[in-house]
Amino acid sequence: MMLLSDRLLAGDPRAIARAISLIEDESPHAAALVGRIYPSTGRAYLVGITGPPGAGKSTLVDRLVAELRRSGKTVGVLAVDPTSPFSGGAILGDRVRMQAHAEDPGVFIRSMATRGHLGGLARTTAEAAIVLDAAGYDTIIIETVGVGQDEVDIVRTADVSVVTLVPGTGDEVQALKAGIMEIADIFVVNKADREGADRTAASIEMMLALDDAMGEGWRPPVMRTEATTGRGVSELLAMIDRFREQSVDTLGARRRARAEWRLREILGRRFMQHLEGHVLAPGEFGEWLDRISGREIDPYGAAAVVMERALGKTTSGVFVDEKTSGVFFEKSAKDSGNVAVGPGVALGQAKKTPDVFLGIDHVGIAVADVDASLKFFAGVLGLAADAPQDVQGQNTRVRFVDTGDAKLELVESLAPGSPIGNFIEKRGPGLHHVALRVADIHAAIATVTAAGVRMIDQQPRRGAHGSLIAFVHPGDTHGVLVELKQPRAKGEGR
Ligand SMILES: Nc1nc2c(ncn2[C@@H]2O[C@H](COP(=O)(O)OP(=O)(O)O)[C@@H](O)[C@H]2O)c(=O)[nH]1
Ligand SMILES: [Mg+2]
């Protein structure tokens, strides 16, 4: 069996129709297909025809097709107009008219379905144009109703943009407002048989004359056509050819701009798909919307949290649990807003052995005089202090201050040359060490040394209150003196 892409490249109309359907259905095969045929594209010339409904675009396209066929060119037509007769749901006369091309293998006409999602139509139209290009059509005409951004994006897909207006409806002003004016390469006042065609053409000319942004280059001409009779159509086609000739040098830049728009659109969409498929839990997007409408978080804040999770980074104080991709919300009494908190960066979690390390037992503070320092810790802060204790062999005196959680160990040197005396002499009084409470000090030492971290004390020794302690070498702990402490078990003697 021949591949769909091969049949398409051979110009098989059924393969073309099938390929465009895949694109419209956003089938996963569509991207692969576009990838396969893309190298064979870039030869067709894309003509965009836009304008308000009823301006006569379809009639004009029909005439252009006939004209192009006469000159031997093959034509693909994409009608992105919900009211287009090509969609089959239109006026009998139009349907009859289109049947003129129905038997012509040199013409392929396709109405693009409006699936209702913003931006989607522009994308599928651009991809359908790629299909027609690969299939070998010389000219591709894209008809679209010019009303909004979506249509402007569709017109951007074209190599030349023809903006169609009709006399006396004030459409030219509408066109300006919709931003269509800026993208027009050629203006067409269709229904030139009607009254007011001159006035409409003149008012467009005037707008163009007033446009300061208009540079040296191409000045959009204002053409007049009568699509029903075909008057002015060959002149329009000649103008399209002239534009094509004069824009040979700029066509590359225009197509590059189109590529940029496409790539940005695809990346934006893919990133959203990634977020919804792999970063956010099912239904979580809606929860964010609820929180934003409930004023719990602003859209930028929500976006920041989601972005950080998607990129696996933590910044601006938001903690992300990379293992579960979960962000947890905690309402605190002080802060009525939601604060994103998590269990912390996952890095250490994998290795944490909670049955070995139980938390901070105390923070050691080197002071010149334990009793004098209590003026602050007990007197000012009102914390309760234990009785002083002298630690033999270390020449230090310690007093533990109860903070309600971890304790503060105030340490004073009793003789010059003691470890605390040396510390104060070198670095001054202040934070000296952090003591981590462990259940089994031998197991804790084994855990640390197994990782190649040096111990000051290879074996535990007796500390204050009958505990067993051992210090980790500060050279391996980023300058922090870490004490491992196994408190004296209840009932155990000193
Ligand atoms: N009087 C007049 N009517 C036209 C002309 N061109 C198209 N029409 C009619 O205008 C109506 C809308 O045309 P259509 O091509 O469907 O417009 P579209 O919505 O822009 O595609 C149809 O009844 C056409 O026959 C024209 O040049 N003069
Ligand atoms: Mg139409």
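This is a predicted model: local features need pLDDT of at least 70, side-chain atom pairs count only at pLDDT 80 or more; totals for chains, interfaces and linings use all residues.

Visitor: What makes a residue in strand E1 count as buried?

Guide: A residue is called buried if 20 or more other C-beta atoms lie within 10 Å of its own. Six of the seven residues of E1 are buried, and therefore the strand as a whole is described as largely enclosed.

Visitor: How do you know that E1 and strand E4 pair?

Guide: Two strands pair if there are at least two bridges between them. E1 and strand E4, residues 139-145, have seven bridges and run in the parallel sense, so they meet that condition.

Visitor: Which other strand pairs with E1 in the parallel sense, and over how many bridges?

Guide: E1 also pairs with strand E5, residues 160-165, in the parallel sense over four bridges, and here Thr50 stands opposite Val163 of E5.

Visitor: What makes strand E17 count as mostly covered?

Guide: Strand E17, residues 468-472, has five residues, and four of them are buried. Its partners are strand E16, residues 461-462, which pairs with E17 in the antiparallel sense over two bridges, and strand E18, residues 482-486, which is joined to E17 by five bridges and also runs antiparallel to it. Arg461 stands opposite Ile469 of E17, while Val472 stands opposite Val482 of E18.

Visitor: How many residues lie between E16 and E17 in their hairpin, and what is found in the turn?

Guide: There are five residues between the two strands, and in the turn His465 has a positive phi of about 55°.

Visitor: Where else is there a positive phi in a residue that is not a glycine?

Guide: Glu26 has a positive phi of about 55° although it is not a glycine, and Arg295, likewise not a glycine, has a positive phi near 60°. Glu26 lies in the loop between helix H2 (13-24) and helix H3 (28-37), whereas Arg295 is in the loop between helix H13 (284-293) and helix H14.

Visitor: Why are helices H12 and H14 called roughly perpendicular?

Guide: Helix H12, residues 248-279, and helix H14, residues 299-311, pack at an angle of about 75°, with their axes 11 Å apart. Angles of 65 to 115 degrees count as roughly perpendicular, and H12 and H14 are therefore given that name. The contact is made by His274, Leu275 and Val279 of H12 and by Val306, Arg309 and Ala310 of H14; by class, these are four nonpolar residues, one polar and one charged.

Visitor: How do you know that H4 and H11 are also roughly perpendicular?

Guide: Helix H4, residues 57-70, and helix H11, residues 233-246, pack at an angle of about 70°, with their axes 10 Å apart. Since the range runs from 65 to 115 degrees, H4 and H11 are therefore roughly perpendicular to each other. In this contact, Arg63, Leu64 and Glu67 of H4 meet Val233, Ser234 and Leu237 of H11, and the residues divide into three nonpolar, one polar and two charged.

Visitor: What makes a group of residues a nonpolar core, and how many residues has the largest one?

Guide: The members must be buried residues of nonpolar kinds, joined through C-beta atoms within 7 Å. The largest such core has 67 residues, and Ala19, Val131, Leu132, Ile140, Ile142 and Phe187 are those with the most contacts inside it. Helix H6, residues 120-134, gives the largest share, nine residues. Apart from this core lies another of 11 residues, among them Ile441, Val448, Ala470 and Val472.

Technical notes: Residues are numbered from 1 along each chain as its sequence is written. Chains are lettered from A and ligands numbered from 1 in the order in which they are written. A residue is buried if 20 or more other C-beta atoms lie within 10 Å of its own, exposed if 12 or fewer, and partly exposed in between; C-beta atoms are placed from the backbone. Axes are lines fitted to C-alpha atoms, for helices over the stretch in contact, and angles run from 0 to 180 degrees between N-to-C directions. Angles under 35 degrees count as roughly parallel, over 145 as roughly antiparallel, 65 to 115 as roughly perpendicular and the rest as oblique. Two residues are in contact if their C-beta atoms, placed from the backbone, lie within 7 Å. Ala, Val, Leu, Ile, Met, Phe, Trp, Tyr, Cys and Pro count as nonpolar, Asp, Glu, Lys and Arg as charged, and the others, Gly among them, as polar.
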